[in-house]
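Hi,

Here is the structure for you to look at. My notes come after it.

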Amino acid sequence: MTETHSSGARGDSGPQTARLVASRVLDVPDFPKPGVMFKDLMPLFADGAAFREVIDGIVAYHGRENFDTVVGIEARGFVVAAAIAYATGVGVVPVRKAGKLPRPAYAATYELEYGEATLEVHQDAFTAGHRVLVVDDVLATGGTAEATLDLVERAGGTVAGFTVLLELAFLKGRERLAPRPVHALLTV
């Protein structure tokens with residue numbers, strides 16, 4: 001395992017935040033399959049001061065009054081979403097893997113960089129016009145994000161923003177999500 005290089009780090013919230021995130025990311029080779037370089041953000045989550053700074057930065061970027069609910073994408077997105085929801089006093093809604101939600105749900109199947117997956121959200125998760133901030137840990141090809149943003153809209157929510165801690169720019173996920181804006185704390 002190696003640390004993601006933090007000098008010259010760039011991101012949509014400036015170089016200081018990008019360096020902070022980069023300094024807490026570990027590269028894990030060949031996970032979940034050979035040839036994939038997994039970006040492990042658990043060291044960031046485990047560092048209370050760094051995690052607080054990241055959450056405060058996301059809230060400052062979007063503004064406390066600009067969203068009514070935070071959606072976290074399974075599973076590491078749950079960690080970020082819950083912290084933002086707590087910091088702002090709004091609710092949190094999970095977007096889960098298929099078969100994990102107990103009530104009627106909308107589903108979206110999409111391609112991953114290494115397979116296929118289905119995500120779901122409860123059909124009654126939002127009221128019409130509900131402003132939703134969607135968060136996840138990593139933006140790769142954009143399939144997970146695109147499916148989630150579509151699910152939020154199908155369930156009646158309005159996407160107020162989309163933030164990730166780490167964007168893998170070479171996989172062009174941001175382009176796939178256009179014209180929706182993407183906020184990435186660190187882009188590599």
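First, the ground rules. This is a predicted model, where local features need pLDDT of at least 70, side-chain atom pairs count only at pLDDT 80 or more, and totals for chains, interfaces and linings use all residues. Residues are numbered from 1 along each chain as its sequence is written, and side-chain values use heavy atoms, with hydrogens and water left out.

**Salt bridges**

The structure holds eleven salt bridges. The term means a side-chain nitrogen of Lys or Arg within 4 Å of a carboxyl oxygen of Asp or Glu. Three of these pairs follow.

K39 pairs with D27, and their closest N and O atoms are 2.7 Å apart. K39 sits in strand β3 (residues 37–40) and D27 in strand β2 (residues 26–29), so the bridge ties together parts twelve residues apart in sequence. Helices (H or I, at least four residues) and strands (E, at least two) are DSSP runs, numbered from the N terminus. K39 is buried, at 15% relative accessible area. D27 is buried too, at 10%. Buried means under 20% relative accessible area, exposed over 50%, and partly exposed in between (1.4 Å probe, protein chains only).

D137 and R76 form a salt bridge at 2.4 Å, N to O. D137 belongs to strand β8 (residues 130–139) and R76 to helix α4 (residues 76–88), so this pair ties together parts 61 residues apart in sequence. D137 is buried at 5% relative accessibility. R76 is partly exposed at 28%.

E167 meets R174 in a salt bridge, 2.8 Å from N to O. E167 is buried, with a relative accessible area of 5%. R174 is partly exposed at 28%. D12 joins E167 and R174 in a network of salt bridges.

**Helix packing**

Two packed helices are described by the angle between their axes and the distance between the axes. Axes are lines fitted to C-alpha atoms, for helices over the stretch in contact, and angles run from 0 to 180 degrees between N-to-C directions.

Helix α3 (residues 48–62) packs on α4 at about 65°, with the axes 10 Å apart. That makes the two roughly perpendicular. (Under 35 degrees counts as roughly parallel, over 145 as roughly antiparallel, 65 to 115 as roughly perpendicular, and the rest as oblique.) The crossing is right-handed. The α3 side of the contact is F51, I55, I58 and V59, and the α4 side is V79, V80, A83, I84, A87 and T88. Contact means heavy atoms within 4.5 Å. By class, this contact has nine nonpolar residues, one polar and no charged. Ala, Val, Leu, Ile, Met, Phe, Trp, Tyr, Cys and Pro count as nonpolar, Asp, Glu, Lys and Arg as charged, and the others, Gly among them, as polar.

Helix α1 (residues 15–23) packs on α3 at about 140°, with the axes 11 Å apart. The two are therefore oblique to each other. Q16, L20 and V21 of α1 touch A50, E53 and V54 of α3. Here the classes are four nonpolar, one polar and one charged.

L166 lies in strand β9 (residues 157–167). L166 is buried, with a relative accessible area of 1%. Leaving aside neighbours within four places in sequence, L166 contacts V25, K39, D137, V138, L139, L186 and V188.

Best wishes

Conventions
A crossing is left-handed if the near helix is turned anticlockwise from the far one by less than a right angle, and right-handed if clockwise.
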